[in-house]
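Try each task before you read its solution.

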Amino acid sequence: MIEKALECFKEKFGSEGDIRSYFAPGRVNLIGEHTDYNGGHVFPCALSMGNYGVARKRNDRIVRWYNMTYPDNGVQERSLDDLAPNDNGLWYDYQHGVLWAMMKSGVEIPFGYDMVMVADLPAGSGLSASASIEELAAVIVKDLCDLPVDMVDCAKYGQISENEYNGSNSGIMDQFASAMGKKDHAIFLDTADLSYEYVPLNLKNEKIVITNSRVKHNLTENSYNSYNTRRSESEKALADLKRVADIKTLGELDNEEFDRLSEYIENEVNRKRARHAVYENQRTIEAVKELRAGNLESFGKLMNDSHVSLRDDYAVSCDELDILTEEAWKLPGVIGSRMTGGGFGGCTVSIVKNEYVDNFTGSLGAVYKERTGLEAEFYIADASDGARRLN
Ligand code: GLA
């Protein structure tokens with residue numbers, strides 16, 4: 001990958017000077033969905049798939065970017081002084097948004113740079129291709145300009161890029177996972193205060209299998225509005241609860257407290273959304289406890305419960321994701337399976353015993369094709385380090 005990008009860089013921008021290479025991963029979330037903007041916990045890991053970049057510092061304030069995945073866009077050129085927000089949601093807007101967020105937060109970026117990027121992560125599949133682009137931009141500018149920011153800051157700039165530049169009210173999970181991933185570990189992140197722990201995955205006899213439904217999770221269409229709608233439904237539920245409880249987020253409640261208070265949420269739909277947010281957060285805390293204790297079967301059951309809650313209470317699944325999970329639950333060697341990411345298409349994540357992985361991909365692929373006419377794609381997730389310089 002990186003060789004291809006380097007060759008392309010030399011062709012577009014010349015071979016002289018200090019040319020550096022970088023990588024920023026996508027992520028898969030194991031459990032804790034739609035909890036990150038509700039002050040709850042998430043449990044993602046960074047993938048070995050993501051976006052690669054080759055870059056060189058310039059002596060002026062121009063940034064020039066070329067993305068090998070989208071050759072038709074050509075070389076994008078902007079001045080650091082002219083990065084006005086828009087909501088196109090195109091790949092370069094995620095990068096522009098990060099630079100804009102850094103400067104808006106008071107970070108001085110003295111120089112621009114030339115960059116070529118290439119991805120081995122399918123875009124629009126719910127594996128955080130956009131966060132990976134954001135964290136790639138962040139790690140490049142941090143390194144080339146020697147900026148006094150850390151990788152948690154870079155995650156925050158990525159979220160600002162999403163929220164204020166690209167029109168998505170997303171939480172911080174994706175950017176945090178891409179920026180802070182650790183090989184063979186998942187990140188147990190409390191989004192209320194960004195405290196986190198790395199939890200070893202220690203899966204010797206099992207694999208984490210990602211199944212791509214190939215139904216597009218298009219961030220600029222209805223699905224995206226639906227994401228923002230879910231967020232505002234949760235916020236309305238919280239506003240109702242705040243009238244009777246001293247809380248700042250839904251993540252502060254446990255299941256019993258929620259059950260006691262839920263009658264104060266006026267709208268039935270909002271009540272269901274909030275129930276998911278609260279129960280999913282508790283489920284995530286419980287799941288991590290079980291994983292740490294070596295109880296993978298219990299972890300898997302909680303993954304299944306998470307899917308049911310996302311399907312029934314949070315209503316962010318879709319037929320294709322429901323078929324993939326329901327069929328997965330029937331297969332031998334499957335410890336747990338659920339939709340992962342924002343939903344409305346994208347991927348499921350399953351934990352499958354090693355000796356059943358071939359059967360899993362074969363059987364699930366066949367039944368999915370039979371029921372939907374679509375070809376699923378499968379990837380074995382390999383928990384990896386976060387965004388970084390490679391040379
Ligand atoms: C998307 C968002 C995240 C998170 C998930 C759902 O991936 O970008 O912030 O809310 O959906 O868990």
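**Exercise 1.** How many salt bridges are there between domain 1 and domain 2?

*Solution.* Start with what you are looking at: this is a predicted model. Next, find the two parts. Domain 1 covers 2-200, and domain 2 covers 206-381. Now count across the boundary. The count is two salt bridges. Then look at a salt bridge in detail. Arg292 pairs with Glu197, and their closest N and O atoms are 2.7 Å apart. A salt bridge needs the two atoms within 4 Å. The pair of Arg292 and Glu197, at 2.7 Å, is a salt bridge.

**Exercise 2.** Describe the contact between domain 1 and domain 2.

*Solution.* Begin with the centres. Taken over C-alpha atoms, they are 25 Å apart. Then count who takes part. Domain 1 gives 40 residues to the contact and domain 2 gives 45 residues. Now turn to area. The size of an interface is often given as the accessible area lost when the parts come together. Here the two domains bury about 3200 Å² between them. Of that area, 62% is on carbon and sulfur atoms. Which residues of domain 1 lose the most area to domain 2? They are Ile31, Glu33 and His34, together 21% of what that side buries. Finish with the polar contacts. Between the domains there are 19 residue pairs in polar contact, counting residues at pLDDT 80 or more.

**Exercise 3.** Where does the ligand lie relative to domain 1 and domain 2, and why?

*Solution.* List the shell first. Among the residues around the ligand are Arg27, Glu33, His34, Ser170, Tyr227 and Gly341. Then assign the shell to domains. Both domain 1 (2-200) and domain 2 (206-381) give residues to it, so the ligand lies between them.

Note on methods
Residues numbered from 1 in each chain as written. Predicted model: local features only at pLDDT ≥ 70, side-chain atom pairs only at ≥ 80, totals over all residues. Heavy atoms only, no water. Near = heavy atom within 4 Å. Domains from an automatic or database assignment. Contact = heavy atoms within 4.5 Å. Buried area = accessible area lost by both parts, 1.4 Å probe. Salt bridge = Lys/Arg side-chain N within 4 Å of Asp/Glu carboxyl O. Polar contact = N/O pair within 3.5 Å; in protein donor to acceptor, adjacent residues only side chain to side chain.
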